[in-house]
Every structure is written in structure tokens, then in C-alpha cells.
Amino acid sequence: MKYIDEFQDPELARRLLDDIHATVTRPWALMEVCGGQTHSIIRHGIDQLLPEKVELIHGPGCPVCVTPLEVIDKALEIASRPEVIFCSFGDMLRVPGTGRDLFQVRGEGGDVRVVYSPLDALRIARQNPDREVVFFGIGFETTAPPNAMTVHQARKQGIKNFSMLVSHVRVPPAIEAIMSSPSCRVQGFLAAGHVCSVMGVGEYPELAERFRVPIVVTGFEPLDILEGVRRAVHRLERGEHGVDNAYARAVRPEGNAAARAMLEDVFEVTDRAWRGIGVIPDSGWRLASKYRDHDAEHRFAVEGIRTVEPEACRSGEVLQGLLKPHECEAFGTLCTPRTPLGATMVSSEGACAAYYLYRRLDMPAATEAREASPVV
């Protein structure tokens, strides 16, 4: 527990906050592209402790939330088949598709199982050779390597009744899409440390140069985030752009060579739809052709999917940073963790879930928050 204690130190947080307050002279808008960072920001009230001129915008950093509705509906259709054992991480079970979710499929008799690793699903496939076992593989660059390794092992071991429904997305193309939008007002980014621990920082300098923004790689504890904000604000105030690694204890510039090699072998880059946002070119991965026999989308060939998003749900605007969760008319009323309209309310990394969990049903005055302790 050493690092948690060290990176939640109130006195160090106060020093970082004092530095930020002393530096800021004009309004700046920064976006974090990581659901874990969003939850830390809201849990500790970091957004309310910062100067009023520094706004934190919550980006599409929740992989569950950006999984497109069409893929969710395909998962529901596959999971409903009697020959299938459908395996998923637990945070996908309550994500609403068109009219139902995986919990409902299980209640209707579907064999839907929560696993803690894709290798658990591979083990289930070995134990049930007469059933088709499907693992729901979603996430950013962080979860992609173990999923890739599992498919690699399935092919190597000749486990033919295992397949993966893949909906992996990549962060740098999302940053490019955000900055290219006419409605964008983001002036700097806090990049996700766990993504960069896998992929390194090599894709970010070109983005920082092209859009002339600072990109600071940060961790997830309060001091990590405050240090990321501090570095970004200093660069903005000096009129500089570029990439800073404020999470050097976990991120090497080149990333994890073994993980990247596995990704290059198993996956290939593809266009990918993001829920609430639309198709972003080269923003996802799919299984490479030599692993096609383990591609659930190819194996089951689900056709005729017609998706319908709830009219009252504004999670797409939340994911784009155009709307704070509490500003949605359905937040906390029509949309709650028990009756979610969108994935942002039920995912453990969703912005709406963070606001609901930490009682941001309305936004208390920032001046009141600043009088409190900087971290909880």
C-alpha cells in the first residue's frame, strides 16, 4: 500500500495546487482520456480544487462506454444461442443494448459467465469441447495484449471451439478525432498511463505538434493527476506544446516490446465505430486473417442487427466532452445504475457512474470545495 499512501499525501497535493493557482493567468481546458482518471478526479474533488480557469473535460476514456451498440447487440444475439457459453468481464453485463442486456439474456436461459481473465474462457473451452465458447474482448491498448495472447494460445493448442468477439479501440486516433472536431475546445490532454505502459509515447509527439497542444502522460492517484495538470498548465502558459511523461515509474518511452509484438501478430488496425461518436478511421483492432477461425464475428455471422439508442440518453455528448453528466436531464432520474440508459452509467469507468457514485447530482460551488482538504 506504499504508493497509495505516498500519492494521496494532502500536503504534497496542496503544494501542487498552490503552484497551479500561482501559474494560471487565463482559462484553459484539459481533457483526460481515461475512465480511471475520471473516477479519481471526481472521487477526490480535484476538478473543484483547481482554479476556476482550469477546466477538466471528461473524454471517451471508458472502453465499455465506447463499445458500439451494434457490437453489444451482436453479443446479445450470440449469447442467446443454446450451443454457446458466452464469457465476459462483469462490467459488460449491465451495458444496455437495444432493449436488453447480458443479465437479461442469462435470466432467459443463456449461458453467460463472468470471468476474470480471457484465459478463464480458454479453460472453459477445454472443459466443454461440445460447446462454443465466446469471449467478449473489449478495451483499449491495455487489455488488448492478454486478449491477443489468449487467441494466440487457442490457435497454438488447437482449441477450435474458442472464439473472441473483438471490439478493441486505440487512443491516439480518438485524440486526433477530438481535435479535428469543429466543436473542440480542448487545449491539452492528460494521457492514460496504463495505455502508454504498453504502447509507449511514440504516437503522441506528432499529435502534439500537429494540433499544438501539450500531452502529459499521467497516472491515476491524486498527485499523479495534479502533477499532470501542473505540467500541462505550465506549457500552456509558456505557449509551448509537446509530450511529457509524468508517469515514468510505469511508462518507458518505447512501451512493452513483448506486448507490442503480440499485438502486431494477432491484430490488425481497422476503422472502428465508437458508441455515441461514430466511426473513427484506424481507431481499432480486429483479428488478423491467420486467426480468423477464432473470430466470433466471422464464425457466427450475425446479420440483420438494427440498433436503437434511447432518445433520452445523451451519453454520446458526455463521451465527447460536450456535456457533463449532471447536465443531462435524465441523469439520476430516468437514468440510474439500476435503470441505465447508456453504458456511461453502469461501467466502472463511466463518467456518469462516477458522478452518481460520488453524489455529484448537482455541482457544489468550487469555492466551497477549495476550502476543504485537497484529497480524501
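**Exercise 1.** Is Leu69 buried or exposed?

*Solution.* Start with the thresholds: buried means under 20% relative accessible area, exposed over 50%, and partly exposed in between, with a 1.4 Å probe and protein chains only. Leu69 has a relative accessible area of 6%, so Leu69 is buried. This is a predicted model, in which local features need pLDDT of at least 70 and side-chain atom pairs count only at pLDDT 80 or more, while totals for chains, interfaces and linings use all residues. Residues are numbered from 1 along each chain as its sequence is written, and side-chain values use heavy atoms, with hydrogens and water left out.

**Exercise 2.** Find the element that holds Leu69 and list the contacts of Leu69.

*Solution.* Leu69 lies in helix H6; helices (H or I, at least four residues) and strands (E, at least two) are DSSP runs, numbered from the N terminus. Next, take contact as heavy atoms within 4.5 Å. Setting aside neighbours within four places in sequence, Leu69 is in contact with Pro96, Gly97, Thr98, Arg275, Thr307, Val308 and Glu309.

**Exercise 3.** Which residues touch the most other members of the largest nonpolar core?

*Solution.* A nonpolar core is a set of buried Ala, Val, Leu, Ile, Met, Phe, Trp, Tyr and Cys residues joined through side-chain atoms within 4.5 Å. The largest one has 58 residues, and Phe86, Phe136, Phe189 and Tyr204 touch the most other members. Helix H6 (residues 69-79) gives the largest share of this core, six residues. A second, separate core has 38 residues, including Val318 and Cys352.

**Exercise 4.** Describe the largest cavity and its lining.

*Solution.* On a 1 Å grid over the protein atoms alone, a cavity is a set of points where a 1.4 Å probe fits but cannot get out, and lining residues have an atom within 4 Å of a point. Grid points are joined across faces, edges and corners, and a volume is the space filled by probe spheres set on the points. The structure holds four cavities of 30 Å³ or more, and the largest has about 80 Å³ of space. Among its lining residues are Cys313, Arg314, Val318, Phe331 and Cys352. By class, the lining has eight nonpolar, three polar and one charged residues; Ala, Val, Leu, Ile, Met, Phe, Trp, Tyr, Cys and Pro count as nonpolar, Asp, Glu, Lys and Arg as charged, and the others, Gly among them, as polar.

Definitions and conventions: 1 Å grid on protein atoms, 1.4 Å probe; cavity = no way out; pocket = protein on both sides within 12 Å on 5 of 7 lines; lining within 4 Å.
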